[in-house]
Amino acid sequence: MADNNIGGKRLVVGAHYGLRDWLAQRVTAVVMAVYTIILLVSFLTASNFSYDGWAGLFSHQWFKLATFVTLMALFFHAWIGVRDIWMDYVKPVAVRLVLQVATILWLVGCAGWAAQILWRV
């Protein structure tokens with residue numbers, strides 16, 4: 001009988017976060033889709049398309065929070081995608097680590113900048 005390594009005795013190796021990342025990307029995509037619908041409804045029902053209108057829309061605390069949650073979902077979604085690119089295509093460990101740290105710093109910086117912009121309005 002051939003040892004085909006398939007079935008109940010399958011040897012699973014690796015990082016084991018394929019399903020978790022796949023699910024996280026789907027959940028973050030749903031968050032972004034819901035926010036897009038909220039933004040479209042707000043845009044289509046608005047009558048004031050000036051800066052004051054947009055500032056009025058973002059003056060509501062719930063809208064700031066929804067925007068920030070969506071941005072966090074976007075950053076996490078981007079992190080998973082970019083990390084997978086680095087893991088798949090950058091083979092030297094030192095270069096991959098530098099790129100991953102640079103990506104984390106960039107995403108954290110973007111999150112801080114987004115918070116600063118949102119709560120300044």
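Visitor: Leaving aside neighbours within four places in sequence, which residues is lysine 64 in contact with?

Guide: This is a predicted model, and lysine 64 lies in helix H3. The C-alpha atoms of lysine 64 and leucine 118 are separated by 6.1 Å, although the two are 54 residues apart along the chain. Leu118 is one of the contacts of lysine 64, and the list with sequence neighbours within four places left aside is Phe58, Ser59, Leu118, Trp119 and Val121.

Visitor: Is lysine 64 buried or exposed?

Guide: The cut-off for buried is under 20% relative accessible area. Lysine 64 has a relative accessibility of 6%, so lysine 64 counts as buried.

Visitor: What share of the contacts in the protein with a separation of 6 or more comes from residues 24 or more positions apart?

Guide: The protein has 121 residues, of which buried residues make up 23%. Among contacts with a separation of 6 or more, residues 24 or more positions apart account for 70%.

Visitor: At what angle do the axes of H1 and H3 cross?

Guide: Two packed helices are described by the distance between their axes and the angle between them. The H1 and H3 axes come within 9 Å, and H1 passes H3 in a left-handed crossing. The residues of this contact divide into 15 nonpolar, seven polar and three charged. The crossing angle of H1 and H3 is roughly 145 degrees.

Visitor: How many residues apart are aspartate 21 and arginine 83, which link distant parts of the chain?

Guide: The side chains of aspartate 21 and arginine 83 meet in a salt bridge, at 2.2 Å from N to O. Aspartate 21 sits in helix H1 (residues 18-45) and arginine 83 in helix H3, so by the numbering of the chain this pair is 62 residues apart.

Visitor: Which residues do salt bridges that share partners join into one network?

Guide: A search of the whole structure finds two salt bridges. Aspartate 84 forms a salt bridge with arginine 83, with the closest N and O atoms 3.1 Å apart. Arginine 83 is buried because its relative accessible area is 10%, whereas aspartate 84, at 26% relative accessibility, counts as partly exposed. Salt bridges that share partners make one network of Asp21, Arg83 and Asp84.

Visitor: Which residues does histidine 77 touch, not counting residues up to four places away in sequence?

Guide: UniProt lists His77 under "binding site" in an unreviewed entry. Histidine 77 is found in helix H3 (residues 61-89) and, at 23% relative accessibility, counts as partly exposed. Not counting residues up to four places away in sequence, histidine 77 touches Gln25, Thr28, Ala29 and Met32.

Visitor: Does tyrosine 89 count as buried or exposed?

Guide: The unreviewed UniProt entry places the feature "binding site" at Tyr89, and tyrosine 89 is found in helix H3. The cut-off for exposed is over 50% relative accessible area. Tyrosine 89 has 66% relative accessibility and therefore counts as exposed.

Terms used: Residues are numbered from 1 along each chain as its sequence is written. This is a predicted model: local features need pLDDT of at least 70, side-chain atom pairs count only at pLDDT 80 or more; totals for chains, interfaces and linings use all residues. Side-chain values use heavy atoms; hydrogens and water are left out. UniProt positions are given in the numbering used here, feature names are shortened, and annotations may be inferred rather than shown by experiment. Helices (H or I, at least four residues) and strands (E, at least two) are DSSP runs, numbered from the N terminus. Buried means under 20% relative accessible area, exposed over 50%, partly exposed in between (1.4 Å probe, protein chains only). Contact means heavy atoms within 4.5 Å. A salt bridge is a side-chain nitrogen of Lys or Arg within 4 Å of a carboxyl oxygen of Asp or Glu. Axes are lines fitted to C-alpha atoms, for helices over the stretch in contact, and angles run from 0 to 180 degrees between N-to-C directions. A crossing is left-handed if the near helix is turned anticlockwise from the far one by less than a right angle, and right-handed if clockwise. Ala, Val, Leu, Ile, Met, Phe, Trp, Tyr, Cys and Pro count as nonpolar, Asp, Glu, Lys and Arg as charged, and the others, Gly among them, as polar.
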